[in-house]
Amino acid sequence: MKITVRDCLELDAFKSSYAAAGKRNLDNTVRSVSVLDATDLKNAIRQNGVKDRLVLTSFASFKDDYDLQSVMIKELAISGVSALVVFGESKNLKNVKPIETAEASGLPLVIMPPTSDIGYGEVIEQVMDKLLVGDDQRNYLINNTIYHLLAFDKHKTFPAALKEAALSNEFQAVLISKDFNPVLVVETRHKVTVVDAVRKLQKRYEDDGRGIYGILDVEGIAAYWGSININGEEYFLLLVDNEEKYSAVDITKLAEIIELAIGMWKYSPVRDVKAELIKAMMRGNLSLAYTLEDEMDINDRSIISVFFGKTANIPKARDIFEEFERKTGCEVLLITDGDETFGMVVDREQRKTKEKDPEEIGRNCCLTLFDNLKEVSKDIRVFHCTGGSSVESGADGFSLINETWAFVESVFPYKRVFSKYEMALVSNCINIQLQGGHIKRNYDELLEPFVREKGSNKAKQLQDTLETFVLDAGMNSGKTSKIMGIHANTVQYRLKKINEVLGVDITANRVIPALTIALALKRLERVID
């Protein structure tokens, strides 16, 4: 049932009130009501800045700060609240500036005079009663939906019954897996895409956690979401009110009926093929992966990267994935489990230019993507294998990631994005460590001259410098100086001493490979021990 600010002003609780500003928008929809009692601006907007919400306040924490009141009014208007009701005009709204701000912002500002005996409780009770009244419109939605969803003789499948109910009652429904992939879509209007709605849901879920049919604003259209259980699996149900005819209570009741009908139809959602493909590759099940690849109509050379991210499912990271898809035309497939994200990048079109082949284009785009991700947060860690371009190479990439991700940070503590090159090095070191024997001793002996020539204390100082120079600074003495916090001349002096002790030029192309492994083994030993 659609309720407006104008409807609310006709309630007994508002008899002594008057609209001081924003009268042109008194037909704003009201779907919920809240009390603004936060003591700071940020929390006030976070808790109350919800589209179509009637906000009640006395500005008790800001009674003399008219500038802050004005900022708050402007922010509430931007967030799409229905109206702001201020209690106690003479005490808390003496200055004309907040009223002018409300008028300029188009936000209805309703004044409840101090002479009124009406408080928050009476207003909330009467507004909610108005929202919850079971009028003919609500009865029609519920009864008509039940009629269609239980018409077993008329419809062959649950999706067909749901579509008929949605068309008849002007709503839309999307069933989404826990990995945020749509598994059932019933669209009756195409003002916004399902992808837009799902991404909005992802961000809300990550920000606020699960809720019971909270409201989403998707390009100006109200959508409701909540979690449901089907055959022991968690899914999300997203419902869109096309004509804004129903209240949040109506939609919640509608969701309950749909969930009951799913059980009566014994409906099982279609497989989440995207998530299954990633999981099959992670398990090394190539035959299943190839089958799923065919189902998704993916060319075997379309898979250009697989990756694993720690704390990579935060909203800003999602924005980067979305921007990457818009710019490149590639698709990022994701599954998440807590703070862990597994994914793959697919280029279905295999674009190419005269200068570069599609694999090179895709590889460079992915490298840029992962570099952008590391700028989101210092806590993010990304492990990727890019440039394989097949199911088999993708499965090998996940295998390499799974084997090394817990150790590679210890070998390269200053990195946050790890490619297959760092992980391949660490994988070799793990195997050498496990095998032991003469192979391990060969690498250990490369570093023994430090102890023999300079003694343990001096050896540690030189070896630490060598580790930083080779593993952390990319053999850049200036970067080594910055990382270690010592003068550049000191670094140069130590590198000269290291050359003398080892009896080789440590930057020589025949020396650096074995030296890198020897140093990485030393760091790996510290972790394992």
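**A walk through sheet, helix and surface patch**

Let's start with strands β13 (residues 303-310) and β16 (residues 381-386), which run antiparallel and are joined by six bridges. Keep in mind that this is a predicted model.

Strands of a sheet pair through backbone hydrogen bonds, and the pairing can be parallel or antiparallel. Here, β13 and β16 belong to an open sheet of five strands, and the pairing across the sheet is mixed. Reading across, the order goes β14-β15-β13-β16-β17. What stands at the edges? That would be β14 (331-337) and β17 (417-418). Each of these has a single partner strand, so one side of β14 and one side of β17 are left without a neighbour in the sheet.

Asn372 and Val417 sit 45 residues apart in sequence, yet their C-alpha atoms are 10.0 Å apart in space. Asn372 itself belongs to helix α14, which covers residues 358-374.

Last stop, the surface. Asp117, Glu122, Glu125 and Asp129 come together there as a patch of negative charge. Pick out Glu125, which you'll find in helix α6 (residues 120-132). Why does Glu125 count as exposed? Because its relative accessibility is 56%, and the cut-off for exposed is over 50%.

Technical notes
Residues are numbered from 1 along each chain as its sequence is written. This is a predicted model: local features need pLDDT of at least 70, side-chain atom pairs count only at pLDDT 80 or more; totals for chains, interfaces and linings use all residues. Side-chain values use heavy atoms; hydrogens and water are left out. Patches are made of residues with over 30% relative accessible area and no salt bridge: like charges are joined within 9 Å, nonpolar side chains (Val, Leu, Ile, Met, Phe, Trp, Tyr) within 5 Å. Accessible areas come from the Shrake-Rupley method with a 1.4 Å probe; for residues, only the protein chains shown count as cover. A salt bridge is a side-chain nitrogen of Lys or Arg within 4 Å of a carboxyl oxygen of Asp or Glu. Lys and Arg count as positive and Asp and Glu as negative; His and the chain ends are not counted. The place of a charge is taken as NZ of Lys, CZ of Arg, CG of Asp or CD of Glu. Helices (H or I, at least four residues) and strands (E, at least two) are DSSP runs, numbered from the N terminus. Buried means under 20% relative accessible area, exposed over 50%, partly exposed in between (1.4 Å probe, protein chains only). Two strands pair if DSSP finds at least two bridges between them.
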